[in-house]
Amino acid sequence: MKVSQALLIYSSLAVLWQPSFGQPYLRLRPSPSDNLPVKDIIEHPDPEYDPKEQDLDDRTLRKKLGSNFDPHFMSVVAPAQVNLSGSDPLHRFKGPLPNELKKLDLGETPYGTRLKMGKKARRKFLQWLWAYTYCPVLYTWKDLGIRFWPRYIKEGNCFAERSCSFPEGMYCKPVKSVTKTFLRWYCQGWSRQKYCTWIPVQYPVISECKCSC
């Protein structure tokens with residue numbers, strides 16, 4: 001992936017330590033899609049920087065997040081890790097073959113000679129090739145912690161248990177991402193003099209994977 005293309009992929013979250021504020025906070029910065037999914041965020045361990053019960057009113061926070069609340073990718077309570085879209089590699093090849101595979105001329109060799117291949121053999125080979133090289137997005141629910149609302153995000157990962165090329169050497173990597181807006185509990189100041197509030201932050205989620213070097 002070229003650097004210019006990589007920088008167009010939506011931002012990743014970076015945790016920065018600011019001694020003057022006393023709590024880590026999130027800042028958006030350009031980041032290649034290869035850095036996704038977002039790594040676990042290092043939080044300040046002091047519970048004084050956690051939101052209190054009165055700060056977690058569901059109705060108030062839903063109103064604050066507004067149309068950015070996406071129930072398909074976020075959840076207030078811990079969801080069951082079942083029936084996630086695209087999560088089962090055994091069922092990821094449903095649907096028609098991609099156009100780039102349909103257009104392959106399997107009768108022509110790199111040396112100019114022609115090979116005879118029946119329609120049935122061609123179809124079976126293309127199905128095998130698709131199954132071997134396809135890169136699904138596997139979704140799992142991730143707990144972001146009490147300092148995020150909603151607390152749970154459905155995060156995408158690229159299937160990387162084996163090489164996706166023949167011969168081997170290429171692997172499934174992120175090529176596209178989408179951003180979801182969450183609320184982040186953010187504190188300024190020290191101890192009892194600190195001021196805390198919910199601020200919107202964007203969290204990138206892998207939306208497409210591709211077999212690449």
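Let's start with a rule: two strands pair if DSSP finds at least two bridges between them. Strands themselves are DSSP runs (E, at least two residues), helices are runs of H or I with at least four, and both are numbered from the N terminus.

This is a predicted model, so a word on ground rules: local features need pLDDT of at least 70 and side-chain atom pairs count only at pLDDT 80 or more, while totals for chains, interfaces and linings use all residues. Residues are numbered from 1 along each chain as its sequence is written, and side-chain values use heavy atoms, with hydrogens and water left out.

**Exercise 1. Work out the strand order of the open three-stranded sheet, and say which strands stand at its edges.**

Step 1. Read off the order: β3-β6-β4, with antiparallel pairing.

Step 2. Check one pair. β3 and β6 are joined by two bridges, in the antiparallel sense. Here Met 74 sits opposite Ile 153 in β6.

Step 3. Look for the edges. β3 (74–75) and β4 each have a single partner strand, so one side of each has no neighbour in the sheet.

If you wonder what holds such strands side by side, strands of a sheet pair through backbone hydrogen bonds.

**Exercise 2. Find which residues of the largest nonpolar core touch the most other members, and which element gives the largest share.**

Step 1. A nonpolar core is a set of buried Ala, Val, Leu, Ile, Met, Phe, Trp, Tyr and Cys residues joined through side-chain atoms within 4.5 Å. Buried means under 20% relative accessible area, exposed means over 50%, and partly exposed is in between (1.4 Å probe, protein chains only).

Step 2. See where the core comes from. Elements giving two or more residues include α2 (58–65), β4 (137–143), β6 (152–158) and β7 (171–188). The largest share, eight residues, is from β8.

Step 3. Apart from the largest one lies a core of six residues, among them Leu 97, Leu 126, Leu 129 and Trp 130.

**Exercise 3. Count the disulfides, then follow the pairs Cys 135 to Cys 172 and Cys 164 to Cys 211.**

Step 1. A disulfide is a pair of cysteine sulfur atoms within 2.5 Å. The structure has four.

Step 2. Take Cys 135 and Cys 172, with S to S at 2.1 Å. The S-S torsion is about -80°, so this disulfide is left-handed. Cys 135 lies in the loop between α4 (119–133) and β4, and Cys 172 in strand β7, 37 residues apart. Cys 135 is buried at 7% relative accessible area, and Cys 172 is buried with 7% too.

Step 3. Now Cys 164 and Cys 211, at 2.0 Å. Here the torsion is about 95°, so the link is right-handed. The pair is 47 residues apart, with Cys 164 in the loop between β6 and β7 and Cys 211 in strand β8. Both cysteines are buried.
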